[in-house]
Amino acid sequence: ALDGRKVFVPTYPEQGSVKRPDNFKEILQKDGLDMQAEIVKEIIKKMGLHKVNVVAYSMGTAVTMKMAVDPEFNAINDLTLLEPMGIEDKGFARIIMEFVGGFAAYAIFSSEQKIKGIKQGSDEDKGNLGFLAEDGKILSKKSFDPEMLKNLHPQGRFQVWVGTKSQLVDDKVAETLFTETETLRQAENPTASPLEFYKVEGGDHLWPLTGALGLSKMIQQEKSVETVQIDDFENS
């Protein structure tokens with residue numbers, strides 16, 4: 001946006017300001033990520049966007065990966081996944097504990113995290129708790145493995161960023177999964193954009209929000225280091 005490019009931010013259908021069918025909860029329970037991915041694909045198509053750079057964060061990464069493995073969808077140029085979800089079987093109880101425990105601590109001890117990560121947006125933009133619980137069930141399951149992710153086919157750069165202190169994403173699990181994915185991707189298509197995997201030392205799950213300005217500059221740089229210190233990010 002600061003460079004003068006158009007930036008589009010799709011709204012989750014779970015958010016309060018969105019009109020939904022009365023049986024949306026049942027749709028979410030049944031179709032989950034497939035429904036979400038289809039919505040984003042249709043947004044891109046109906047806006048006439050033939051090539052887009054996609055930056056996805058948290059649950060958005062699961063939606064994006066589901067969209068990006070579709071062989072019929074070729075609009076993605078650069079693909080950037082921040083804190084990728086849906087890559088581990090956690091169980092619903094565990095992910096709720098991680099989410100509530102981790103973010104409640106921020107609200108209590110860190111004014112910066114509270115303002116930048118939790119208090120953004122108006123009340124009507126917040127998600128319905130019932131819908132958020134269904135999202136938690138979706139994210140508590142392993143929806144992606146290397147065999148599926150080998151079909152990720154961005155035309156431009158492919159980056160994955162994970163914080164080493166993330167409450168919701170295990171950086172070691174993510175590194176193993178995407179390393180195996182890359183082996184399969186390159187065997188399948190030797191001309192595929194190489195994976196750039198970055199670890200953010202000291203980064204919690206909210207680091208892409210508190211360090212958004214610094215991140216926006218880093219993802220445009222040529223690949224130089226695979227580990228970044230959280231203090232190296234320009235504060236938002």
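Leaving out neighbours within four places in sequence, Glu196 is in contact with Arg157, Phe158, Gln159, Val160 and Lys223, where contact means heavy atoms within 4.5 Å. Before going further, keep in mind that this is a predicted model, in which local features need pLDDT of at least 70 and side-chain atom pairs count only at pLDDT 80 or more, while totals for chains, interfaces and linings use all residues. Residues are numbered from 1 along each chain as its sequence is written, and side-chain values use heavy atoms, with hydrogens and water left out.

Back to Glu196, then. Its place is in strand E4; helices (H or I, at least four residues) and strands (E, at least two) are DSSP runs, numbered from the N terminus. Glu196 is buried, with a relative accessible area of 9%. Here buried means under 20% relative accessible area, exposed means over 50%, and partly exposed is in between (1.4 Å probe, protein chains only). The side chain of Glu196 makes a polar contact with the side chain of Arg157 (2.7 Å), and another with the side chain of Tyr198 (2.7 Å). A polar contact is a pair of N or O atoms within 3.5 Å; within protein, one must be able to donate a hydrogen and the other to accept it, and residues adjacent in sequence count only if both atoms are side-chain atoms.

Tyr198 takes us to the aromatic rings. Rings of Phe, Tyr and Trp (its six-membered ring) pair if their centres lie within 6.5 Å; planes under 30 degrees apart count as stacked, over 60 as edge-to-face and the rest as tilted. By this rule there are three aromatic pairs. In one of them, the rings of Trp161 and Tyr198 have centres 4.2 Å apart and planes at 20°, so they are stacked. That pair links distant parts of the chain, with Trp161 in strand E3 (residues 158-163) and Tyr198 in strand E4 (residues 195-201), 37 residues apart. Both Trp161 and Tyr198 are buried.

Trp161 also pairs with Trp207: the centres are 6.1 Å apart and the planes at 40°, so this pair is tilted. Because Trp161 lies in strand E3 and Trp207 in helix H8 (residues 207-210), the pair ties together parts that are 46 residues apart in sequence.

Leaving aside residues up to four places away in sequence, Thr80 touches Val54, Val55, Ala56, Gln159, Trp161 and Ile219. Thr80 is buried too, with a relative accessible area of 5%.

Next comes a helix. H7 (residues 171-188) has 18 residues and reaches 25 Å from its first C-alpha to its last, close to the 26 Å expected at 1.5 Å a residue; the expected span is 1.5 Å times one less than the number of residues. At its N-terminal end, Asp170 caps H7, with a side-chain oxygen 2.9 Å from the backbone nitrogen of Lys172.

Which residues of H7 are buried? They are Asp171, Ala174, Leu177, Phe178, Thr181, Glu182 and Arg185. These cover an arc of only 145° around the axis, which puts them on the same side of H7; the arc is that of the directions from the helix axis to the C-beta atoms. The buried residues of H7 pack against helix H2 (59-68), E2, helix H6 (146-149), E3 and E4. On the other side of H7, Lys172, Thr183 and Ala187 are exposed.
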